[in-house]
Amino acid sequence: VLMGTKNYGESKKYHAVDSTDKPYTLTDFYFGFGGLLDLFRNDAQEWFWQKYKAQIAKGIAGWWGDLGEPETHPDDVHHNLNDLGFRRLFKAPEVHNMYGHYWNKMLFEKYQQDYPGTRLFNLNRSGFAGSQRYSIFPWSGDVGRNWSGLRAQLPVMLGMSLSGVPYIHSDAGGFAHGNKDSELYTRWLQFAAFTPVFRPHGTALEDLDTSIPNIESEPVFYPEPFKSIVRRYIQLRYDLLPYNYTLAYQQAKDGKPLTRPMFFYDPEDKNLPAAEDQYMWGDNILVAPVLHKGTTERKLYLPRGNWYKYFSNAKVKGGQWINELVDINNIPLYVKAGSFIPTCAGLKNTTQHQQSSLLVTYYPDHTDSSYTMYDDDGHSNMSFEENKYELLHFKAAIKQSNFQLAISSNGGRFENQPLRRNIVFKIPGLPRKPSSVKLNGDIIPLKKYTGNIDETGWDAKGAILYVSLVFSGKSQLLEVSE
């Protein structure tokens with residue numbers, strides 16, 4: 001709490017102290033002299049919480065708890081842990097790594113107490129083992145705005161994800177030092193669109209320090225073609241909301257990380273540990289970010305099985321290393337054959353998806369497959385525990401020259417749930433036009449079949465929706481390139 005601010009005098013009795021038990025004054029903090037709240041004390045937590053509540057009353061719904069290491073924590077700062085059962089003062093090095101953890105714990109428990117039905121969004125860059133239980137959304141710190149800073153994010157993200165911290169992410173675009181680099185910014189945001197939290201970052205410190213230029217976080221301040229490329233990836237992030245939201249469900253239910261290293265996909269494939277600069281976004285989407293300036297070719301490994309290029313729907317055989325030509329417009333993205341990818345095209349914010357048509361893209365394979373999509377009201381923090389959610393089950397049954405898609409619901413109900421859903425099935429990569437198409441047994445005239453199957457107003461109350469496609473001839477339904 002800075003000297004000269006209206007809260008300094010009021011908060012001083014809650015500050016960490018020196019060896020004589022007097023409030024400690026920080027003299028080397030970046031923003032000026034001040035004191036450090038002793039968040040191990042119940043009274044300090046309660047004082048701090050009242051500041052949160054005042055903002056919540058104004059409509060604030062999310063928090064950015066910066067500098068929570070604490071960033072400035074001299075060795076001669078002392079903390080009072082009497083409320084935790086200890087009768088002596090603790091020096092800063094003894095409790096440094098727990099300070100941010102207790103900040104997270106305080107905020108989580110206060111929300112449970114005063115706002116028990118509200119989801120907590122707490123963006124904090126520090127914590128400790130187990131901080132994820134307190135709804136923390138950590139980022140990787142003040143990363144350099146440079147290509148090595150970008151390259152460092154993938155191993156950090158995967159390591160933290162495997163350690164049980166699912167929502168790790170980075171300052172997309174970088175933060176510390178560096179110059180305004182449109183290519184770096186574009187590549188970073190293309191990568192960040194497939195990370196647990198998508199949050200572009202910038203710098204606005206020039207008024208405090210003229211040596212640090214202001215660099216904006218918003219794509220509107222970047223020239224073409226970079227602006228339009230980033231806009232398209234932002235839209236892609238919104239479009240994938242049903243798929244991404246299901247990843248959060250998989251994490252909560254089964255402990256699966258949202259971002260998964262390649263060896264998570266198939267432990268028996270000895271090539272996967274070497275494919276360390278790519279990863280799986282959930283079970284179905286493979287992401288190979290471009291991590292070097294001026295890249296025109298990207299080497300990557302496709303696991304065994306068949307795969308589709310996300311942007312072109314071209315089919316590629318897996319179990320091999322490939323070199324893919326790249327330009328600034330895209331990064332290599334692949335979808336595993338047999339996958340269902342639910343999207344809501346054209347979303348402008350995260351509250352629109354329940355009113356939008358659900359576009360379900362099925363990527364055909366030789367074998368049967370299934371997928372479950374999760375949906376709830378988007379704001380209750382007990383929707384999963386109280387069974388106030390819906391599961392949509394998708395299945396594909398393959399039989400020689402025809403296949404059938406089926407969709408069913410668990411019948412779950414939640415607030416503001418659409419009673420009827422508009423669903424469009426998209427099936428790319430078919431080698432030829434089917435000889436017949438049926439929707440729940442009713443024939444769709446082939447002249448009306450364009451590759452999409454539109455079911456307007458499906459009532460999910462226990463009903464199963466079937467889509468059947470029959471192909472004449474005996475050739476393979478799915479053909480792949482070598």
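Colleague: Which helices and strands each supply at least two residues of the lining of the second largest pocket?

Modeller: Helix 2 (42-56), strand 1 (63-65) and helix 3 (92-114) do. Helices (H or I, at least four residues) and strands (E, at least two) are DSSP runs numbered from the N terminus. This is a predicted model, where local features need pLDDT of at least 70, side-chain atom pairs count only at pLDDT 80 or more, and totals for chains, interfaces and linings use all residues. Residues are numbered from 1 along each chain as its sequence is written, and side-chain values use heavy atoms, without hydrogens and water.

Colleague: Which element gives the most to that lining?

Modeller: Helix 2, with four residues. About 740 Å³ of space lies in the second largest pocket. Its lining has 27 residues; closest to the centre are Val-1, Phe-29, Asp-66, Leu-67 and Trp-103.

Colleague: How do the residues of this lining divide by class?

Modeller: Into 17 nonpolar, seven polar and three charged. (Ala, Val, Leu, Ile, Met, Phe, Trp, Tyr, Cys and Pro count as nonpolar, Asp, Glu, Lys and Arg as charged, the others, Gly among them, as polar.)

Colleague: Why are helix 5 and helix 6 called roughly parallel to each other?

Modeller: Helix 5 (residues 182-192) and helix 6 pack at an angle of about 10 degrees, with axes 9 Å apart. Angles under 35 degrees count as roughly parallel, over 145 as roughly antiparallel, 65 to 115 as roughly perpendicular, the rest as oblique. The pair is therefore roughly parallel.

Colleague: Which residues of helix 5 and helix 6 meet?

Modeller: Ser-182, Glu-183, Tyr-185, Thr-186, Leu-189, Gln-190 and Ala-192 in helix 5 meet Phe-226, Ile-229, Val-230, Tyr-233 and Arg-237 in helix 6. Contact means heavy atoms within 4.5 Å. By class, this contact has seven nonpolar, three polar and two charged residues.

Colleague: What makes strand 5 and strand 10 edge strands?

Modeller: Strand 5 (259-260) and strand 10 (315-317) each pair on one side only. The open sheet has six strands in the order 5-6-7-12-9-10, with antiparallel pairing.

Colleague: How do you know that strand 5 and strand 6 pair?

Modeller: Pairing needs at least two DSSP bridges. Strand 5 and strand 6 (residues 279-281) have two, in the antiparallel sense. Thr-259 has Trp-281 in strand 6 as its bridge partner.

Methods: On a 1 Å grid over the protein atoms alone, a cavity is a set of points where a 1.4 Å probe fits but cannot get out, and a pocket is an open set with protein on both sides within 12 Å along at least five of seven lines; lining residues have an atom within 4 Å of a point. Grid points are joined across faces, edges and corners, and a volume is the space filled by probe spheres set on the points. Axes are lines fitted to C-alpha atoms, for helices over the stretch in contact, and angles run from 0 to 180 degrees between N-to-C directions.
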